[in-house]
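I opened the model and kept notes as I went. The entries are in the order in which I looked things up.

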Amino acid sequence: MRISELPEIGTKYEIESPKGDKVAVIFLATGEIELYVLEAGAEKPSVTRLTSEEARRVGSVLTGALLTIEREDVEVSFSEISDLRINIHICPVTKYVVGKSIEDLAIRKKTGVTIIAISRKGRSIISPPPETVLEEGDMIVVIGEHEQIKACERQILQPG
Amino acid sequence: MDFLLVLGIVTVSCLALGLISKYLRQASIPAYIIAGILFKYSSERLGFDLISSDDFTQVVQGLGKIGIILLMFYIGHEFNFRGIKEPGRFFAGSTDFFVNFIAGFSLGLLIGLSLLEAFILASAVYISSSAIVISSLIENKRLIYPEAETVVWLMVFEDIILAILLVVLTSIMSGGSLAMIMIPVSLAKTLLLIVFILVLIRGLNNFISPLFKRDDEIPILLIFALIFGFSALAHLLSVSEVIVAFFLGSALSGVKSFKRLLGDTISFKNLFLTIFFFSFGMMFSFEFAGLPLTEFVLALLALIILSILGKFASGALIGKKQHGSLETGLRVGAYTTPRGEFSVVLLAVVIGMEMGISELLFSLVVAYVISLSLIGSFIAKHGDMIGKAMMIGINKLMTLKR
């Protein structure tokens, strides 16, 4: 990776693949980002201009931080540790659990699933303590294996 | 002359020609100069007689001067002293300077200009237009190529040479008008003022820095107080205000909180610089200092051809040394061909010194900047095609020789 400063334009990051293809990312002084791809032997590069939001999305796809987004499921993996994959699931609180605390429900004990966050009226409670009482309209964010999450949905959130 | 009428005429006519230039995908600098020329021409012919009213010229020139000061302030702020030191860049920059400056200087002497005037012409020939060059690099998607970096750093090198040329020229002119012995004195005065500004801003950093963080009118007022305050001081000491603005800009680049205001300063710069180009066009006369039109056109053509060849020659040298490729060098040459704002600024500063420079030089540079900003942007736009075509031509010549 080569980093170079282009006065009055911005900063250029470029990388060349063993095949001779070149990719350059240029952070313009205006705050936008240009993405250049020049295939080996090609006459002209392909260029696109991204907003910083778009660039962040492309970036997280490239780093592998985000693999799949399937409705309420997000699978996160890391480029450093390629065999570590974490399933994150978002489920709405049902009437069967409203008014109970996380401790009362013993979610972890019964299903192995851990609640990592609660979204409540636009605010987020990260890593809620066990005495937290669930309210109507809460969205809970949980991590766990596929089977564990299924179990959680069946045993805790549904009547039974 | 009503002040608002002046502003109305200038902004509306600049807007009209500016829009036309954008629509035709051309550089906009010549459009504003042409707006000024057209305005002067039509008011003389149609008998508006606005030009002869001193108020009009004074207002427009006054506002234009703010434009030059803000431009140099901005260039000073963006200037990067660290990056220029790399050996390859220094070689490239000096090659660009020597080839093109000497070419311009010789031609100036050849068409009968004085030594000083030839020096001014050479400076105008040497300096490319950063604005046109950089926007054409981005628009034509050249940023991935290694030569883009070379070209951008050439522009930076030209900025520092411009500052040096201005210091030298204004010292010669303000000191030299009194006596030769005064030249070192006025040079020393300029350098002292520069050092004073750099030291003062650094010393006052703790006082100034929080002021820039305020949310009221104080930050923008502070900027203009610094700019105009130091310009006034420079004026009193008969030092050029544009040099002061350049170094004030570079001193303020060390004040972190100033970054927030850069955008506002750029907007003011863009507005007043447009008015400056207009006022510059207004000074153009079709008389050519008594020279017949054909001779004037011949001199202009020679100047244009020489300037284009000059940049291609320096580009070829740089490309051969820096990238090991003649074709890359020819592209460097093509990208650096456009001339524009700096050549005009240089001339305007010289005129501001109120030392008689010939009308020939003036008309020549105006016509030259208009032509080369248009031709230059065309060449820069088609840089790779031109480079390739030239390579094919050169290769054919080589095989013919064998």
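**Entry 1: a pairing in chain A.** I looked up A:I118 and found that A:I140 in β11(A) stands opposite this residue. The model is a predicted one, in which local features need pLDDT of at least 70, side-chain atom pairs count only at pLDDT 80 or more, and totals for chains, interfaces and linings use all residues. Residues are numbered from 1 along each chain as its sequence is written, while chains are lettered from A and ligands numbered from 1 in the order in which they are written.

Strand β9 (residues 114–120) of chain A pairs with β11(A) in the antiparallel sense over five bridges. Strands here are DSSP runs of E with at least two residues, helices are runs of H or I with at least four residues, and both are numbered from the N terminus. Two strands count as paired if DSSP finds at least two bridges between them. I also noted strand β8 (residues 85–92) of chain A, which runs antiparallel to strand β11 (residues 139–143) of chain A and is joined to β11(A) by five bridges. There, A:I88 has A:I143 in β11(A) as its bridge partner.

**Entry 2: domains.** How is chain A divided? I found domain 1 (2–63) and domain 2 (69–77 + 83–157); such bounds come from an automatic or database domain assignment. The centres of domain 1 of chain A and domain 2 of chain A, taken over C-alpha atoms, are 39 Å apart.

**Entry 3: an open sheet.** I traced five strands of chain A in the order β1-β2-β3-β4-β5, with antiparallel pairing. β1 (2–6) and β5 (46–50) of chain A are at the edges with a single partner strand each, so one side of each has no neighbour in the sheet. From one strand to the next the twist averages 20°; axes are lines fitted to C-alpha atoms, for helices over the stretch in contact, and angles run from 0 to 180 degrees between N-to-C directions. Five bridges pair β1(A) with strand β2 (residues 10–16) of chain A, and A:S4 has A:K12 in β2(A) as its bridge partner.

**Entry 4: where the chains touch.** I noted 17 residues from chain A and twelve residues from chain B in the contact. Contact requires C-beta atoms, placed from the backbone, within 7 Å. On the side of chain A that touches chain B, the elements that give two or more residues are β1, β2, β3 (22–28) and β4 (33–38) of chain A.

Is B:I144 buried or exposed? B:I144 is buried, because 22 other C-beta atoms lie within 10 Å; the cut-offs are 20 or more for buried, 12 or fewer for exposed, and partly exposed in between, with C-beta atoms placed from the backbone. B:I144 is in the loop between α6 (130–139) and α7 (146–176) of chain B. Apart from neighbours within four places in sequence, its contacts include A:E14, A:Y36 and A:P45.

**Entry 5: helices of chain B.** I checked helix α13 (residues 293–322) of chain B: its 30 residues should span 44 Å at 1.5 Å a residue, and its end C-alpha atoms are 43 Å apart, which agrees. The expected span is 1.5 Å times one less than the number of residues. After α13(B) comes B:G324, with a positive phi near 65°.

Last, I looked up B:L211 in helix α9 (residues 205–212) of chain B. B:L211 is partly exposed, with 16 other C-beta atoms within 10 Å.

Note on methods. Two residues are in contact if their C-beta atoms, placed from the backbone, lie within 7 Å.
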